[in-house]
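This briefing goes with the sequence and the 3D structure below.

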Amino acid sequence: MLSSTEVHEKQNKKESFNAEAASLLVKNLTATFASGKTRSYEWRASQLKALTKLLSDAHEQQIVDALYSDLSKPPLETVAYEIAMLKNSCKGALKELKRWMTSEKVKTSISTFPSTAEIVSEPLGVVLIISAWNYPFLLSLEPIIGAIAAGNAVVLKPSEVAPATSSLLAKLLGEYLDNSCIRVVEGAVDETSALLQQKWDKIFYTGNGRVARIVMAAAAKHLTPVVLELGGKSPAVVDSNIDLKVATRRIIAGKWCCNNGQACISPDYIITTKDYAPKLVDALKTELEKFYGKNPLESKDLSRIVNSNHFGRLTKLLDDEKLSGKIVFGGEKDESKLMISPTILLDVPRNSLMMREEIFGPLLPIITVDKLEESFDVINSGTKPLAAYLFTTNNKLKEQFVMNISAGGLVINDTALHLAINTLPFGGVGESGIGAYHGKFSFDAFSHKKAVLYRSFFGDAAIRYPPYTNTKMRLLKALIGGGLLGIIRALFGLS
Amino acid sequence: MNMDMLVTLVRVPLLVMPWIGCEFLRLRTRNNHICSRTFGMLALDPLIGAIAAGNVVVIKPSELAPACSSFLANTIPRYLDSNAVRVIEGGAPVSEQLLLQKWDKIFFTGSPRVARIVMTAAAKNLTPVTLELGGKCPAILDSLHNPSDFELAVKRIVGGKWGPCSGQACIGIDYVLVEEKLSSHLIELLKKFVKRFYGENPLESKVISRIVSKQNFTRLCNLLKDPLVAASIVHGGSVEEKHLLIEPTILLDPPLYADIMTEEIFGPFLPIITVNKIGESVEFINSRPKPLTIYAFTKDETFKRRILSETSSGSVTFNDTMVQFLCDTLPFGGVGQSGFGSYHGKYSFDTFSHEKAVMHRSLCLEIEPRYPPWSKFKLEFLRLAYKLNYFGLLLHILGLKRYK
């Protein structure tokens with residue numbers, strides 16, 4: 001609990017973080033980076049170990065409390081989906097760090113003979129990570145793990161929409177990590193704008209497409225590369241030849257068990273056949289009641305809607321007159337608690353507001369088609385989502401789905417789990433984003449892969465140099481073309 | 001990938017020859033790409049990757065090299081599927097129009113100034129970009145005890161400076177760093193090789209590329225206008241305006257504030273910057289924007305490691321120039337002001353691809369604790385599961401493990 005002096009200082013700090021302060025911050029971090037401090041294996045490992053300590057049981061309750069304060073997030077979700085995942089990432093990064101840092105030897109061909117070559121991973125420099133409010137802990141620290149492992153200096157800007165977590169991050173990172181290289185800047189639009197005016201070596205942004213455009217335009221001024229982790233309408237296609245109970249539970253797990261639908265990879269809407277829809281709705285109703293009881297608004301196992309803005313936004317989606325009569329389950333709201341119960345809508349018109357923007361909430365529209373293959377056209381008529389799901393036992397359909405649906409990631413017969421697989425790149429395509437991370441992909445996202453070619457003074461081909469002749473041209477063509485036979489022919493004047 | 005276009009892969013042999021500089025702008029849209037390049041044939045290099053990755057392509061060649069632009073516009077349709085690969089010719093207005101469209105990727109080769117315009121346009125549609133830019137690529141010349149090594153190094157420097165398009169290449173040497181005590185020997189050898197390659201009168205030799213345009217010719221001439229810069233010329237300096245020719249020119253320690261040392265030269269001027277100890281080149285390079293490549297002629301392994309770990313550039317080549325371009329297993333691209341993203345070989349394929357994560361699960365084998373209502377049992381189960389603590393899980397399930 002902060003004293004009033006500390007709160008006052010915090011206010012002052014917030015007020016004075018303008019472009020000048022941002023510029024000074026970047027300057028200081030640049031100087032620290034230039035000193036080489038963050039490059040050593042020892043420094044990187046020490047920071048990752050410190051992060052592991054930060055995530056230890058000692059602070060678990062504080063983290064759970066902060067997330068409960070910001071989102072009424074059930075403790076299990078915090079522990080399982082934020083803390084445990086981060087611990088695994090840290091552990092994985094520590095285990096693999098030496099291997100990731102080792103340069104990769106590559107083959108060379110006859111055109112550069114004699115030579116050796118390698119690819120060296122080097123840190124980019126000073127990077128900016130802008131995090132989101134729905135998984136505020138996970139989405140702040142997961143990229144930081146990659147940035148540190150890759151040897152960068154880091155500034156984190158947590159989301160102001162989750163203020164308790166933002167404060168806690170500032171406090172804990174300040175206590176555990178090397179403040180000369182890793183800093184947290186709290187704040188909202190003004191502070192973010194001040195940060196975005198600076199020249200960064202990379203900007204990693206998680207959030208929505210509108211702000212992503214602002215971030216990328218700001219990055220363009222300095223030719224700063226970006227990773228944009230956005231969202232979209234992630235569809236779940238449900239076939240009829242499945243274990244319905246299991247599939248239903250997994251859809252619920254990805255939707256309402258993930259921050260009450262406020263997750264970038266939650267199934268946004270379902271597509272199923274007209275014939276199968278009633279069965280699916282019944283199964284969903286049954287399982288939802290088992291999970292959340294007859295009065296879901298009272299359930300302790302559901303996150304609330306993050307704030308009244310989003311509550312209003314979701315209410316507007318529900319109040320769309322195109323949806324009248326479409327609610328088949330739920331639809332209850334409690335504005336005082338910012339709670340909306342799990343809600344299912346059937347046969348939602350494609351031109352309704354709900355089907356035109358990412359829902360990011362506990363509303364699940366079901367679109368029906370005559371034949372399941374039509375679902376591909378439905379999905380492809382929209383922008384590319386961050387994830388797409390298919391429940392089926394039909395292998396041909398699975399193949400076609402993988403071939404024809406473009407999304408950040410696909411999961412067959414489950415939802416959201418691919419997030420936990422560190423060997424899979426996690427990122428979007430098209431409107432759902434640019435770049436990827438997790439596991440080694442995080443390390444790579446924050447590294448520059450420097451090509452290095454070693455040549456010796458042994459032997460020099462006169463054909464490289466002027467004055468140019470037809471013979472030289474012929475020989476060079478053959479040499480660069482690479483085939484031994486071609487070279488021999490050229491040498492003998494046969495080409 | 002959405003576009004199932006049947007494409008024919010066209011292999012184009014790279015020729016490292018002094019083509020007249022061409023700037024190309026290649027766009028990538030709903031499977032199209034744009035790229036800009038200053039080497040005629042190298043405009044096709046990204047095209048290979050784009051096609052291999054299964055995309056539909058638009059190429060916008062540079063209007064500064066009209067003959068190459070025409071050649072591409074006329075020849076490509078004869079060989080490639082024109083439903084999938086198009087060439088759009090034109091100048092800035094055409095580029096502007098193209099940049100208003102929504103592309104799936106933009107691949108740009110050119111200057112940082114235009115790169116900013118391209119990336120800003122891309123930002124409107126969240127289009128990923130690859131930017132292949134340039135920078136002031138230095139050549140560090142260490143003292144090489146073997147005189148024939150030193151001579152070979154200088155020969156390669158000459159080849160790496162004026163060979164590629166009279167210095168108009170992104171990976172051409174921009175300037176040389178050398179210890180003061182070696183500078184006169186260096187200049188002597190440079191002159192020797194320039195004479196050997198280009199004859200007594202390079203402007204009439206027919207072996208040097210001309211400057212690509214009147215605008216660039218004027219820009220280059222202006223670089224020499226500063227009296228202190230002009231005074232530092234130790235060889236060359238003559239120009240022939242009619243044919244836009246500038247002879248190989250060497251300068252010794254021009255003022256560091258002058259444009260010739262603050263901007264990418266992209267022309268046939270070679271400044272030699274002297275330092276007391278060659279190690280100072282590291283600081284010199286680091287005080288400037290990251291270049292596309294660093295060349296270092298040295299046999300000192302410690303110095304090599306220092307250059308690698310203390311400088312940052314797109315790439316580093318030891319003891320030669322330019323040839324890293326031929327190595328398809330190396331990613332070719334910049335960092336910082338010299339760009340981002342890379343290509344060549346598989347990197348080209350990757351740059352025009354989306355790596356889609358796919359996870360297959362079966363519908364059997366359920367983990368109950370995934371689902372609410374949550375309980376302490378379930379929480380502990382998940383905790384143990386994340387740690388892959390199988391024994392602990394077993395105990396837990398059997399009710400034998402104590403938990404918080």
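What is the strand order of the open sheet of six strands in chain A? The order is E5-E4-E3-E6-E7-E17, and the pairing is mixed. This is a predicted model, in which local features need pLDDT of at least 70 and side-chain atom pairs count only at pLDDT 80 or more, while totals for chains, interfaces and linings use all residues. Residues are numbered from 1 along each chain as its sequence is written, chains are lettered from A and ligands numbered from 1 in the order in which they are written, and side-chain values use heavy atoms, with hydrogens and water left out.

**Six-stranded sheet**

- Helices (H or I, at least four residues) and strands (E, at least two) are DSSP runs, numbered from the N terminus; two strands pair if DSSP finds at least two bridges between them.
- The edges of the sheet are strand E5 (182–184) and strand E17 (433–434) of chain A, each of which pairs on one side only.
- Strand E3 (residues 126–130) and strand E4 (residues 153–157) of chain A run parallel and are joined by five bridges.
- A:Leu128 has A:Val155 in E4(A) as its bridge partner.

**Strand E8 and its neighbours**

- Strand E8 (residues 235–238) of chain A is joined by four bridges to strand E9 (residues 269–273) of chain A, and the two run parallel.
- Three bridges join E8(A) to strand E15 (residues 387–391) of chain A, again in parallel.
- A:Val237 has a bridge partner in each of these neighbours: A:Ile271 in E9(A) and A:Leu390 in E15(A).
- In a regular strand, side chains alternate between the two faces of the sheet.
- In E8(A), A:Pro235 and A:Val237 on one side and A:Ala236 and A:Val238 on the other are all buried (buried means under 20% relative accessible area, exposed over 50%, partly exposed in between, with a 1.4 Å probe and protein chains only).
- E8(A), helix H10 (residues 244–255) of chain A and E9(A) make a right-handed β-α-β unit; right-handed means that, with the strands pointing away from the viewer, the path from the first strand over the helix to the second runs clockwise.

**Interface between chains A and B**

- The contact (heavy atoms within 4.5 Å) takes 101 residues from chain A and 94 residues from chain B.
- About 8100 Å² is buried between the two chains, 63% of it from carbon and sulfur atoms; buried area is the accessible area (1.4 Å probe) that two parts lose on being put together, summed over both.
- In chain A, A:Leu76, A:Leu223 and A:Phe457 lose the most area to chain B, together 11% of what that side buries.
- A:Tyr292, in helix H11 (residues 277–292) of chain A, counts as buried because its relative accessibility is 4%.
- Not counting residues up to four places away in sequence, the residues that A:Tyr292 touches include A:Trp256, A:Cys257, A:Leu302 and, in the other chain, B:Pro372.

**Salt bridges**

- The count over all chains is 37 salt bridges (a side-chain nitrogen of Lys or Arg within 4 Å of a carboxyl oxygen of Asp or Glu), and the count between chain A and chain B is four.
- B:Arg361 pairs with A:Asp414, with the closest N and O atoms 2.8 Å apart; A:Arg250, A:Asp414, B:Arg361 and B:Arg370 are linked in a network of salt bridges.
- A:Glu96 and A:Arg99 form a salt bridge at 2.6 Å between the closest N and O atoms; they are separated by about one helical turn because they are three residues apart in helix H5 of chain A.
- A:Asp268 and A:Lys233 meet in a salt bridge at 2.5 Å, N to O. A:Asp268 lies in the loop between H10 and E9 and A:Lys233 in the loop between strand E7 (226–229) and E8 of chain A, so this pair ties together parts that are 35 residues apart in sequence.
- Both partners count as buried, A:Asp268 at 3% relative accessibility and A:Lys233 at 14%.

**Cysteines**

- The structure holds zero disulfides over all chains (a disulfide is a pair of cysteine sulfur atoms within 2.5 Å).
- A:Cys257 is in no disulfide, the nearest cysteine sulfur being that of A:Cys258, 6.9 Å away; A:Cys257 is buried at 0% relative accessibility.
- A:Cys181 is buried, with a relative accessible area of 1%.
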